[in-house]
Amino acid sequence: GMVKQCLRDCLLLSQRVSNENLFSSNEELHEVHTEHLGLLLVDFFLGELHDITTDGVRLVHLKLCKNSYKRFLERCKDYKVIDDRGDFEAYAKSLTTDRTARVELGKREVQLKRRQREVFEKRKKAATRRIMEEEEGGNGLLGEDEELERENALLALELSAIKALNNLTMVEREMEMVKMREEREKDPALAEQQRAAVQAKDPG
């Protein structure tokens with residue numbers, strides 16, 4: 001299907017990015033060419049694709065999903081796209097109980113989306129002006145275009161990092177549920193104990 005094909009293509013792209021050493025932990029974000037910024041999202045998209053893959057062993061895809069998100073978040077941390085939150089897996093788990101952290105993350109997401117809409121409108125206007133300039137024999141507004149494209153790519157990176165953190169929380173939760181289900185399937189006695197425990201809590 002389409003998801004499988006996208007997953008294969010994304011894996012190939014991830015391998016190529018790795019082989020060509022496009023990114024280095026020794027460089028800073030301003031040193032990364034604007035055209036390459038989008039490639040920082042490859043691991044994020046791998047995580048998204050593993051998350052929606054339903055065929056095969058679900059737990060395997062969830063583990064691959066988690067690892068892809070973590071690689072993406074580590075890269076974002078290296079480039080200071082997001083703050084260092086220590087172990088991302090532990091931080092994602094803490095979001096389920098830390099309301100303040102969830103609210104702060106939500107506020108930042110709203111700010112970024114608002115700015116993203118503003119940049120989108122500016123890019124539309126810049127494209128219109130560029131076409132008019134070109135029709136009049138000018139060179140267009142390459143400097144402005146570059147600046148807007150770069151900001152747009154950086155906004156996409158940080159928004160994807162926030163989504164990856166939120167998704168990690170849900171992936172962890174689902175992994176626990178899948179493991180419990182597998183344990184019940186292997187051990188009928190355990191399944192009966194869990195059912196009895198649920199009924200004891202809610203006899204009605």
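This is a predicted model: local features need pLDDT of at least 70, side-chain atom pairs count only at pLDDT 80 or more; totals for chains, interfaces and linings use all residues.
Two packed helices are described by the angle between their axes and the distance between the axes. Here helix 1, spanning residues 2–19, packs on helix 3, spanning residues 42–52, at an angle of about 155°, and the two axes lie 10 Å apart. Because this angle falls in the range over 145 degrees, helix 1 counts as roughly antiparallel to helix 3. The crossing of helix 1 past helix 3 is left-handed.

On the side of helix 1, the contact is made by V3, C6, L7, C10, L11, L13 and S14. Their partners in helix 3 are V42, D43, F45, L46, L49, H50 and I52. Sorted by class, the residues of this contact comprise 11 nonpolar, 2 polar and 1 charged.

Attention now turns to empty space. Rolling a probe the size of a water molecule over the atoms shows where empty space is left. The largest pocket holds about 210 Å³. Its lining is formed by S14, V17, S18, N21, F23, L39, L40, V42, D43 and R75. Of these residues, 5 are nonpolar, 3 polar and 2 charged. Helix 1 and helix 3 each provide at least two lining residues, with helix 1 giving the most, at 3 residues.

The two sites can also be read together. S14 of helix 1 takes part in the helix contact and also lines the largest pocket. V42 and D43 of helix 3 likewise belong to the contact and to the pocket lining.

Conventions:
Residues are numbered from 1 along each chain as its sequence is written. Side-chain values use heavy atoms; hydrogens and water are left out. Axes are lines fitted to C-alpha atoms, for helices over the stretch in contact, and angles run from 0 to 180 degrees between N-to-C directions. Helices (H or I, at least four residues) and strands (E, at least two) are DSSP runs, numbered from the N terminus. Angles under 35 degrees count as roughly parallel, over 145 as roughly antiparallel, 65 to 115 as roughly perpendicular and the rest as oblique. A crossing is left-handed if the near helix is turned anticlockwise from the far one by less than a right angle, and right-handed if clockwise. Contact means heavy atoms within 4.5 Å. Ala, Val, Leu, Ile, Met, Phe, Trp, Tyr, Cys and Pro count as nonpolar, Asp, Glu, Lys and Arg as charged, and the others, Gly among them, as polar. On a 1 Å grid over the protein atoms alone, a cavity is a set of points where a 1.4 Å probe fits but cannot get out, and a pocket is an open set with protein on both sides within 12 Å along at least five of seven lines; lining residues have an atom within 4 Å of a point. Grid points are joined across faces, edges and corners, and a volume is the space filled by probe spheres set on the points.
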